[in-house]
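User: I'm new to this one. Could you walk me through how to read it?

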Amino acid sequence: MNGAQLQTLTHPMTRALGWVLFGPPLLKSSNPSNLHPKDFFDLGLCTPEKAETRLRELNETPEPLTQWLADKPTRRVGHLFEHLIHYWLKFETEAEIIGAQEQLFEDNRTIGEIDFLLRFENRIIHIEATVKFYLQTQPNPDWSDFVGPNTKDNLSKKTLYLVQKQLPL
């Protein structure tokens with residue numbers, strides 16, 4: 001489903017869910033043995049065709065999605081992003097959610113959080129879900145030239161943190 005097709009979804013939360021499912025991942029890999037899927041559908045939880053069909057149905061009858069979101073009110077984009085993924089995993093896939101937003105501790109100290117841990121077809125799948133917005137500050141930039149809302153934050157630092165700290169959990 002491309003951007004123009006997403007715009008045909010008239011309900012804003014259905015369109016947001018479509019963006020979550022069909023949007024490009026921050027980290028991509030063409031190496032099938034790599035930890036990072038090429039996109040959401042590379043996980044094998046559902047096909048793009050099934051997702052598109054289900055999104056169109058939800059667009060016509062969005063109440064299951066809107067009720068789920070109403071039970072989890074937030075004004076933070078990252079939390080909404082996680083709630084949309086949680087909805088999809090819980091109601092639109094055959095995966096069993098083993099854990100969601102699970103804090104991890106070591107010696108009574110928080111060392112991180114696992115966003116989603118799933119069991120699907122005899123596999124354990126760890127999904128780290130995040131949505132970030134960065135501003136390009138230089139022409140022909142490298143990743144450190146993309147700054148976040150906090151100017152100390154940049155895409156290079158975030159990617160290193162994600163790969164070195166969050167994913168190994």
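User: Before we look at details, what kind of model is this?

Analyst: It's a predicted model, where local features need pLDDT of at least 70, side-chain atom pairs count only at pLDDT 80 or more, and totals for chains, interfaces and linings use all residues. Residues are numbered from 1 along each chain as its sequence is written, and side-chain values use heavy atoms, with hydrogens and water left out.

User: Okay. How many salt bridges does a search of the whole structure find?

Analyst: The general idea comes first: a salt bridge is a side-chain nitrogen of Lys or Arg within 4 Å of a carboxyl oxygen of Asp or Glu. Searching the whole structure turns up four salt bridges. One of them joins R56 and E52, with the closest N and O atoms 3.2 Å apart.

User: Where do R56 and E52 sit in helix α3?

Analyst: Helices here are DSSP runs of H or I, at least four residues long, and strands are runs of E, at least two, numbered from the N terminus. R56 and E52 are four residues apart in helix α3 (residues 48–60), so about one helical turn separates them.

User: And which parts does the R54 and E92 pair tie together?

Analyst: Those side chains meet in a salt bridge at 2.9 Å, N to O. R54 lies in helix α3 and E92 in helix α5 (residues 77–92), so the pair links parts 38 residues apart in sequence. R54, E57 and E92 are also linked in a network of salt bridges.

User: Is E92 buried or exposed?

Analyst: Buried means under 20% relative accessible area, exposed means over 50%, and partly exposed is in between (1.4 Å probe, protein chains only). E92 is buried, at 8%, while R54 counts as partly exposed at 22%.

User: What about the strands?

Analyst: There, R119 and E96 meet in a salt bridge (2.9 Å, N to O). R119 is in strand β2 (residues 109–120) and E96 in strand β1 (residues 96–106), so this pair ties together parts 23 residues apart in sequence. R119 is partly exposed, with a relative accessible area of 40%, and E96 is partly exposed with 40%.

User: Last one: at what angle do helix α2 and α5 pack?

Analyst: Axes are lines fitted to C-alpha atoms, for helices over the stretch in contact, and angles run from 0 to 180 degrees between N-to-C directions. Helix α2 (residues 12–22) packs against α5 at about 85°, with the axes 10 Å apart.
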